[in-house]
Amino acid sequence: MSGKEPADPLHDAVLAARLFSLAPLTFGGMTLRGSSPARDALVEALGNALPCRKLPGHIDDERLLGGIDIAASLAAGRPVETTGLLDEAAGGVLIVPMADRLDEAAAGRLAQPLDDRQVALVMLDDSARNDAGEPEGAPPQALTQRAAFTCDLGASREWQVPKIQASGDMRSVAPLNDDALTALAATAAALGVEGLRPLLQASQAARAHAALNKRAEAERSDLEAAVRLVLSPRATQLPPTDAEPPEDETLPPPPPDTNDEPSDRENKNSDQTLEDLMVEAAAAAIPADLLAQLVKGQTPKRGGGAGSGQKRKSGLRGKPLTARPGMPRGGARLALIDTLRSAVPWQGIRRRETGAADDAPILMRKEDLRVRRFEEKAARVTIFAVDASGSAAAARLAEAKGAVELMLAQAYVTRSEVALLAFRGEVAEQLLPPTRSLTRARRALAELPGGGGTPLAMGLNAAREAAQAVATKGRTPSLVILTDGRANIAADGAPGRKQAGEDAEAAARAIARLRIDALVVDISARPGREGPDLASAMDARYLALPRADAKALHKAISAQESGKIGAKADGRVSA
């Protein structure tokens, strides 16, 4: 590796934009992450080079897909159709601001025109980043998978973009040969890139790069550019670094071959060299933030989530969704405009059937009725189950107290609540029902005594019952179990490590069967196999924090709620 400073990400983004401008409908689109002057300048340059339209935020189906103009239809007495934005932008590019907030329904409506090559997208990803610099969300996978290029311009220090003036014809470039396709496939496998779509996009990018440089066939530099721009941003694993030595490395050199034709061994070595070069180029082009996640053994986060509860449908409040057929009863509200939109196209037929005059009122039927739908996020309840046994209980409870207080400090932001359970001796009791009250939490923690045996099975059963009670009220429970996993009191209160371990495993498996989101925090001074085994039986995440403080524990729990701790019980993960 050289000591040169890494190139500004804007350079590759400009190259990707030039390739994209050669055939926008072929490449599907671009995802531009990171709000910066460089991204704004690149979007402006694309707008000058290609016919672009902007997708308004919260666009409805009528404006996107077209449909019936209710006011015009009522005035004219006949259906009057409107043209949708997709039809207006056919053959061009749609710029999608805040693509990370695009809902799945809108993504599905945009995916079909992408497959039909009617329109291309430039998606602007404005997702926030956490303390580790990792993105907290992403545009829907249905769209990012169809967009060939992903560029992160958040770290760019440049802001001037040259004119996107690409000239060339991809049709004049020969298709990639078998050696080139094999090298791309090997590189995708080394990076953990799954599916045929990225390979097809990479092969098209190589041909576009060759056309951009006035070549009739793709060369090694074209393949490296395709790998750098298409495959590297999609990497989910690091390529292998330890290469096996060739089998004939210790053998004497073969006798000189007088035949002018290259031998099969030479062809094989040449193929391997090309594949190795592609993998090396891909590894060097992996973005810095992605590389950091892969080194930690974490795959990139693809979905949103900020610690709030699961989404659920509602008929009264929340984020508006598309209307659906139904009767306005049971609290459901009538969607008047959608009802009229459903009835207007049939007025001509219905008036002929009933003999009504052309100026007669709108003829409605039961199947025309539409009701409003909303989507709201259920409140999340984090249930702490604290092992209060043993001589180290005071230190453990101090950590739990600090974590609970930090969780409650942000409760009004995330709409989360906290409950507290403790198990010691021969009992497991709920000290604090789900609440946002910091005063009640402090009082309950201050009155919690410690000492005695470890009835782990009792604690897990009590935590499971509390989670089930939370779920029956329409809220989303998550468990945080603080224990060393060394049970010595059975579920019936009898002492004995063997029976206590079996009962604890059975209680953990009961939690796993209910698919309750759980985190096992190992608070022993020297973590052993008990904690990981418990987490494995519970199908929970595992975190070894022998010397955790309140802030570290709070950070770990917040990461667990938003899905950023990816390891299960077979590995220890630090917050």
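## Helix 20 and its two sides

On one side of helix 20, Lys 498 and Arg 513 are exposed (over 50% relative accessible area; buried means under 20%, and partly exposed lies in between, with a 1.4 Å probe and protein chains only). The model is a predicted one, where local features need pLDDT of at least 70, side-chain atom pairs count only at pLDDT 80 or more, and totals for chains, interfaces and linings use all residues. Residues are numbered from 1 along each chain as its sequence is written, and side-chain values use heavy atoms, with hydrogens and water left out.

Which residues of helix 20 are buried? They are Ala 500, Asp 503, Ala 504, Ala 507, Ala 508, Ala 510 and Ile 511. These residues lie on the same side of helix 20 because they cover an arc of only 155 degrees around the axis, taken from the directions from the helix axis to the C-beta atoms. An α-helix has 3.6 residues a turn, so residues three or four places apart point the same way.

## Span and neighbours of helix 20

Helix 20 covers residues 497-513, 17 residues in total, and reaches 24 Å from its first C-alpha to its last, close to the expected 24 Å (1.5 Å times one less than the number of residues). Helices (H or I, at least four residues) and strands (E, at least two) are DSSP runs, numbered from the N terminus.

The buried residues of helix 20 pack against helix 19 (456-472), strand 14 (476-483) and helix 21 (530-538), where contact means heavy atoms within 4.5 Å. Just after helix 20, Arg 515 has a positive phi of about 55 degrees.

Now to an open sheet of six strands, with mixed pairing and the order 13-12-11-14-15-16; two strands pair if DSSP finds at least two bridges between them. Strand 13 (427-435) and strand 16 (541-544) are at the edges with a single partner strand each, so one side of each has no neighbour in the sheet.

Strand 12 (residues 416-424) and strand 13 run antiparallel, joined by six bridges. Ala 422 stands opposite Glu 429 in strand 13.

## His 58 and the cysteines

Where is His 58? His 58 sits in the loop between strand 2 (52-54) and helix 4 (61-65). His 58 counts as exposed, at 84% relative accessibility. Between His 58 and Leu 102 there are 8.3 Å in space, C-alpha to C-alpha, and the two are 44 residues apart in sequence.

Cys 52 is partly exposed, with a relative accessible area of 24%, whereas Cys 151 counts as buried at 7% relative accessibility. The disulfide count (pairs of cysteine sulfur atoms within 2.5 Å) comes to zero.
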